[in-house]
Amino acid sequence: MATFKKSSDKKIAGVAGGVANYLGIDPTIMRIIWLCAVVFGGFGLLAYLICWLLMPEN
């Protein structure tokens, strides 16, 4: 099963919605995880940008 950006559940690029769909969790929870990764880890922004570039559209 591949991960796709979700155009129907899109706030910025659809990455969080696509990853949440793949993992079977709520997209809001995934967005909170991304935000925590950006604020506390610093790697979240880079990971988000990479996913934005590499993940295909649904």
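Here is a short chat about a predicted model of a protein.

Biologist: Hi! How many helices and strands does the protein have?
Modeller: Hello! This predicted model has three helices and zero strands. Along the sequence, the pattern reads α-α-α.

Biologist: And what share of the residues counts as buried?
Modeller: The figure is 28% of the 58 residues. As for the surface, the protein exposes about 4,000 Å², and 68% of that area is supplied by carbon and sulfur atoms.

Biologist: Which residues make up the largest nonpolar core?
Modeller: There are nine: Ala13, Val15, Ala16, Val19, Ala20, Met30, Trp34, Tyr48 and Met55. Helices α1 (15-23) and α2 each supply at least two residues of this core. The largest share, four residues, comes from α1.

Biologist: Let's pick Met30. What is it in contact with, leaving aside neighbours within four places in sequence?
Modeller: Met30 is in contact with Ala16, Val19, Ala20, Leu23 and Ile25.

Biologist: Switching to Ile32: where does it lie?
Modeller: Ile32 lies in helix α2, which covers residues 27-41.

Biologist: Why is Ile32 called partly exposed?
Modeller: Because its relative accessible area is 49%, and partly exposed covers values between the 20% cut-off for buried and the 50% cut-off for exposed.

Biologist: How far apart are Ile32 and Ala16?
Modeller: In sequence they are 16 residues apart, and in space 9.4 Å, C-alpha to C-alpha.

Biologist: Last one: what share of the contacts with a separation of 6 or more comes from residues 24 or more positions apart?
Modeller: Those residues account for 40% of such contacts in the protein.

Conventions. Residues are numbered from 1 along each chain as its sequence is written. This is a predicted model: local features need pLDDT of at least 70, side-chain atom pairs count only at pLDDT 80 or more; totals for chains, interfaces and linings use all residues. Side-chain values use heavy atoms; hydrogens and water are left out. Buried means under 20% relative accessible area, exposed over 50%, partly exposed in between (1.4 Å probe, protein chains only). Contact means heavy atoms within 4.5 Å. Accessible areas come from the Shrake-Rupley method with a 1.4 Å probe; for residues, only the protein chains shown count as cover. A nonpolar core is a set of buried Ala, Val, Leu, Ile, Met, Phe, Trp, Tyr and Cys residues joined through side-chain atoms within 4.5 Å.
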